[in-house]
Amino acid sequence: MARVYNFSAGPAVLPEEVLASCAAEMLDYNGSGMSVMEMSHRSKVYDDIIKEAEADLRRLMDIPDNYKVLFLQGGASQQFAMIPMNLMKNKKAAYVITGEWSKKAYQEARIYGEAVAVASSADENFSYIPDCSDLDIPADADYLYICENNTIYGTKHKQLPNTKGHILISDVSSCFLSEPVDVTKYGIIYGGVQKNIGPAGVTIVIIREDLIPDECLPGTPTMLKYKTHEAAGSMYNTPPAYGIYVCGKVFKWLLKNGGLKAMKEHNEKKAAILYDYLDESKLFKGTVRKEDRSLMNVCFNTGSKELDDKFVKESKAAGLDNLKGYRTVGGMRASIYNAMPLAGVEKLVEFMRKFEENNS
């Protein structure tokens, strides 16, 4: 069977070149006589794999020496707890609520201290990014938290908030490595890799060294302390070894293809094709305020649940898979991450045009 164009929000499409390389090395990695999937994470061979992956990620993102890179597990959802456990010294933090995941992070933080919602777009079903230029952040807040790209709703912070001197923490799960970033603007920038970098199971946390505390909130488990993983070089326990290996291959693929600047240009070109069509269509409508549109997750609908369902069914039959929108939004969602080729977006728009002709 031919490969489909996979518009899944995550786990998501990976570069075919990377998948082919993994397949070629499945039974024997680099003359070791075994797969990376079965080798000891304490071996010299694997130690080289994880160190090379970190070095390539540092090169891609220009990560300064005073930031640590941690390869963890538990997804963004585990970070919702780890962040307050490690950083809530004053038992107070500010949250910008722009979707399901920042809302869940906010709710989790309330277990450990006072979480203050300083802005929200819940009033319009998270279809925009609130103005974050003059937030009322409590002076004693330990940090300001955002979810930079909202997978479910298709919105993106195009400008980082004015933190007024507070530490900025950002969940970038669905826009990780999609464009250049200035790491120095963040205290922590983190994300699950299953949307734009690798297979499910790996979470990458980039944290400024001085924010790794020796003491966390009382009762914090050893496994949920950043210090534990930083001190052990992400090897305190068995890491998601194969997933990190695949991420390393994606890092090399990105470097080979021009790095994050080139990837941003590629992503802008893809998104423009789809958004331009949505803006001219009489049947399909985008659900997000134009200035806040994500390059990664494009949400749209027809205004009719019956037509939306028909579109999802017929698009799947045409080799355009996983276009159904999230249950709280409905409609359709096309996730067009780094590895989605331009041809995939062009085929989607071609199908949408035909569908519109046949259903107007």
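Guide: Strand S3 (residues 92-97) and strand S5 (residues 144-147) run parallel and are joined by two bridges. Across this pairing, Tyr95 faces Tyr145 of S5. Helix H3 (residues 75-87) packs on the sheet, where it touches S2, S5, strand S8 (168-171), strand S9 (188-192) and strand S10 (203-208). The direction of H3 makes about 155 degrees with that of S9. All of this is read from a predicted model.

The sheet itself is open and has seven strands, in the order S2-S10-S9-S8-S5-S3-S4, with mixed pairing. Its edges are strand S2 (67-72) and strand S4 (114-120); each has a single partner strand, so one side of each lacks a neighbour in the sheet. From one strand to the next, the twist averages 20 degrees.

There is also an open sheet of three strands, ordered S11-S12-S14 and paired antiparallel. Strand S11 (285-286) and strand S14 (332-335) are at its edges, each with a single partner strand, so one side of each has no neighbour in the sheet. S11 and strand S12 (residues 297-301) run antiparallel and are joined by two bridges. Lys285 has Asn301 in S12 as its bridge partner. Helix H7 (residues 259-280) lies across S11, S12 and S14, at about 20 degrees to S12.

H7 also meets helix H9 (residues 342-359): their axes come within 9 Å and cross at roughly 5 degrees. H7 is therefore roughly parallel to H9. On the H7 side the contact includes His266, Ile273, Leu274 and Tyr277, and on the H9 side Leu342, Val345, Val349 and Met352 are among the residues met. Sorted by class, this contact holds nine nonpolar, one polar and six charged residues.

In the whole structure, a search finds 14 aromatic pairs. Phe284 and Phe300 form an edge-to-face pair, with 5.9 Å from centre to centre and 80 degrees between the planes. Phe284 sits in the loop between H7 and S11 and Phe300 in strand S12, 16 residues apart, so the pair links distant parts of the chain. Phe284 counts as buried because its relative accessibility is 0%, and Phe300, at 1%, also counts as buried. Both rings belong to one aromatic cluster, formed by Tyr277, Phe284, Phe300, Phe311, Phe351 and Phe355.

How values were computed. Residues are numbered from 1 along each chain as its sequence is written. This is a predicted model: local features need pLDDT of at least 70, side-chain atom pairs count only at pLDDT 80 or more; totals for chains, interfaces and linings use all residues. Side-chain values use heavy atoms; hydrogens and water are left out. Two strands pair if DSSP finds at least two bridges between them. Helices (H or I, at least four residues) and strands (E, at least two) are DSSP runs, numbered from the N terminus. Contact means heavy atoms within 4.5 Å. Axes are lines fitted to C-alpha atoms, for helices over the stretch in contact, and angles run from 0 to 180 degrees between N-to-C directions. Angles under 35 degrees count as roughly parallel, over 145 as roughly antiparallel, 65 to 115 as roughly perpendicular and the rest as oblique. Ala, Val, Leu, Ile, Met, Phe, Trp, Tyr, Cys and Pro count as nonpolar, Asp, Glu, Lys and Arg as charged, and the others, Gly among them, as polar. Rings of Phe, Tyr and Trp (its six-membered ring) pair if their centres lie within 6.5 Å; planes under 30 degrees apart count as stacked, over 60 as edge-to-face and the rest as tilted. Buried means under 20% relative accessible area, exposed over 50%, partly exposed in between (1.4 Å probe, protein chains only).
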